[in-house]
Amino acid sequence: YTLWESWRFLRRGGEYRTEWGLVLSSFPAKGVLTAFLAICLFQFGAFGAKFAFCEGTGIQDAEVAIDNNAVLKNIKMSPQRARWMEELSAYANEDGLQGQEVILYGNIPSISYYLQMPAAFNPWSDLDSYSLGTMERDMAKLAEEMEEKGKDKPVVILEETYALFVEGLSEDGAGDQGTPGLSQQEREKLEADPKWGLLLEFMDAFGYEQTFRNGKFAVYR
């Protein structure tokens, strides 16, 4: 609308006569408007061609785009992130996971959107504002639907740190203090997380096993 009105103004005559008999030239206003529009058009074009969304840490090696994920088409990221997402996307595509429900844990809520897998309850399960009580109710409802109504088990995707913790569990469920890749502080933090403990119990109760793993994500089904 703004461009249309600007075009109409630029096409009008070059002079205006006021009710007091003064004759004013529109040339200065047209010149300023034309320059302003030219700058805007240049800025819009440069923005569309070069803009890159970045996190608070700034753009870091955003030079690689993956080609096997429709949601992330033309989105550039670091080579390492691109490899992680390409591998996870390839696994999801091969096994037809799109449309299946997913439980995510480890500050990775966007994976639900990237893989087009709706969250079984809250896509950001480890977010502090998602309370333990709410998660308990949601998971109890999910377990009931699975046991009594035959609902399909949701896929579970964990961030690497949590996958390392799972791999370090002994057969009796106790933490293995020798888990490689996890520091003592990280292990203690995870052990003290009640929501993570709740998810672990759920995975154990329904026999989840790891079916995919790379350097960032692990999939359990």
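## Before you start

Because the model is predicted, local features need pLDDT of at least 70 and side-chain atom pairs count only at pLDDT 80 or more, while totals for chains, interfaces and linings use all residues. Residues are numbered from 1 along each chain as its sequence is written, and side-chain values use heavy atoms, with hydrogens and water left out.

Helices (H or I, at least four residues) and strands (E, at least two) are DSSP runs, numbered from the N terminus.

Two strands are said to pair if DSSP finds at least two bridges between them.

Strand 5 and strand 6 pair in the parallel sense over 4 bridges. Leucine 104 stands opposite isoleucine 157, which is in strand 6. In general, strands of a sheet pair through backbone hydrogen bonds, either parallel or antiparallel.

## Two helix pairs

Now follow helix 5 and helix 8, which pack at an angle of about 10 degrees with their axes 10 Å apart. That angle makes helix 5 roughly parallel to helix 8; angles under 35 degrees count as roughly parallel, over 145 as roughly antiparallel, 65 to 115 as roughly perpendicular and the rest as oblique. On the helix 5 side, Leu132, Met135, Glu136, Met139, Leu142 and Met146 meet Pro194, Lys195, Leu198, Leu199 and Phe202 of helix 8, where contact means heavy atoms within 4.5 Å. The residues of this contact divide into 9 nonpolar, no polar and 2 charged. Here Ala, Val, Leu, Ile, Met, Phe, Trp, Tyr, Cys and Pro count as nonpolar, Asp, Glu, Lys and Arg as charged, and the others, Gly among them, as polar.

Helix 6 (residues 160-167) and helix 7 (residues 184-191) pack at an angle of about 85 degrees, their axes 11 Å apart. That makes helix 6 roughly perpendicular to helix 7. Thr161, Tyr162 and Phe165 of helix 6 meet Arg187, Leu190 and Glu191 of helix 7, and the residues of this contact divide into 3 nonpolar, 1 polar and 2 charged.

## The nonpolar cores

A nonpolar core is a set of buried Ala, Val, Leu, Ile, Met, Phe, Trp, Tyr and Cys residues joined through side-chain atoms within 4.5 Å. Buried means under 20% relative accessible area, exposed over 50%, and partly exposed in between (1.4 Å probe, protein chains only). The largest nonpolar core has 29 residues, and Ile103, Leu158, Trp196, Leu199, Phe202 and Tyr220 have the most contacts inside it. Strand 5 (102-105), helix 5 (132-148), strand 6 (155-159), helix 6, helix 8 (194-205) and strand 8 (217-220) are the elements giving two or more residues to this core. Helix 8 provides the largest share, 6 residues. Apart from this core lies another, of 21 residues, among them Ala82, Tyr91, Leu104 and Ile157.

Phenylalanine 202 touches Ile103, Met139, Leu142, Met146 and Tyr208, leaving aside residues up to four places away in sequence.

Methionine 135 is in helix 5 and counts as buried, at 0% relative accessibility. With residues up to four places away in sequence set aside, methionine 135 touches Tyr105, Ser125, Tyr130, Lys195, Leu198 and Leu199. The C-alpha atoms of methionine 135 and serine 125 are separated by 7.6 Å, with the two residues 10 apart along the chain.

Lysine 30 is in helix 2 (residues 27-50), and its 13% relative accessibility counts as buried. Not counting residues up to four places away in sequence, lysine 30 touches Phe9, Leu10, Arg12, Gly13 and Gly14.

## Two asparagines in loops

Most residues other than glycine have a negative phi. Asparagine 74 has a positive phi, near 70 degrees. Asparagine 74 sits in the loop between strand 3 (64-65) and strand 4 (76-77), and is exposed, with a relative accessible area of 62%.

Asparagine 107 also has a positive phi, of about 60 degrees. Its place is the loop between strand 5 and helix 4 (111-114), and at 52% relative accessibility asparagine 107 counts as exposed.

Notes:
Axes fitted to C-alpha atoms, helices over the stretch in contact; angles between N-to-C directions.
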